[in-house]
Amino acid sequence: MAGKKILMLTGEFTEEYEIFVYQQGMQAVGHTVHVVCPDKNAGDRIKTSLHDFEGDQTYTEKMGHYADINKTFSEALAQLDQYDAVYCAGGRGPEYIRTDKRIQAMVKHFHDAKKPIFTICHGVQILIAVDGVVRGKRVGALAACEPEVTLAGGTYVDLSPTDSLIDGNMVSAKGWTALAAFMRDCLKVLGTEIRHA
């Protein structure tokens, strides 16, 4: 089977692990992952963040590493038909890129074409900005996103921190601690089979 092309939507301060671990894991099994950010070009970099739970009432945020953008945003927008799936990474990036009409158009393309949609942590904020994407779906996300998922017509599922959920062509998870299960489910939806000799 030929490798698939996955479009990763990011913004400044997107969750570090949800960029790096996902991108490298998918590339390791032969898929192409294009990391894009509004108004950034291939070769640009974005700042990332690292969220953790350390005993406070909410998560803490620390600076992550810089992440490389490997596809020019405007080119990806013009070539959506070439992509097999879209991935909405979490962290703080989703809260502002979701208001970008071009990002919304990208998500609508994948939804209308019934292509796989992958979301983790705050990534669901990107999806709920487009009417109908989560409606009728069972969706996992960071617990702070539960009201938004419900108001958008989805059913929030309080997954364990290491679990993932498949509902049709959508894969979702609560956060970066679920990346192993999440990537396994993404591969399943993409039709990728890994066999051990």
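**Salt bridges and a sheet**

D68 counts as partly exposed, because its relative accessibility is 46%. The model is predicted. A search of the whole structure finds 13 salt bridges, several of which are described below.

**Sheet**

- Three strands form an open sheet in the order β2-β4-β5, and the pairing is mixed.
- β2 (14-15) and β5 (60-68) are the edge strands; each has a single partner strand, so one side of each lacks a neighbour in the sheet.
- β2 and β4 (residues 45-52) run parallel and are joined by 2 bridges.
- T14 has T48 in β4 as its bridge partner.

**Salt bridges between separate parts**

- R45 and D68 form a salt bridge, with their closest N and O atoms 3.1 Å apart.
- Because R45 is in strand β4 and D68 in strand β5, this pair ties together parts 23 residues apart in sequence.
- R45 is partly exposed, at 47% relative accessibility.
- E61 forms a salt bridge with R92, and the closest N and O atoms are 2.8 Å apart.
- E61 lies in strand β5 and R92 in the loop between β6 (85-88) and α3 (93-97), so the pair links parts that are 31 residues apart in sequence.
- Both residues count as partly exposed: E61 at 35% relative accessibility and R92 at 33%.

**Salt bridge within a helix**

- D112 and K108 meet through their side chains in a salt bridge of 2.6 Å, N to O.
- The two residues are 4 apart in helix α4 (residues 101-112), so about one helical turn separates D112 and K108.
- D112 is partly exposed at 46% relative accessible area, and K108 is partly exposed at 42% relative accessibility.

Conventions: Residues are numbered from 1 along each chain as its sequence is written. This is a predicted model: local features need pLDDT of at least 70, side-chain atom pairs count only at pLDDT 80 or more; totals for chains, interfaces and linings use all residues. Side-chain values use heavy atoms; hydrogens and water are left out. Two strands pair if DSSP finds at least two bridges between them. A salt bridge is a side-chain nitrogen of Lys or Arg within 4 Å of a carboxyl oxygen of Asp or Glu. Buried means under 20% relative accessible area, exposed over 50%, partly exposed in between (1.4 Å probe, protein chains only).
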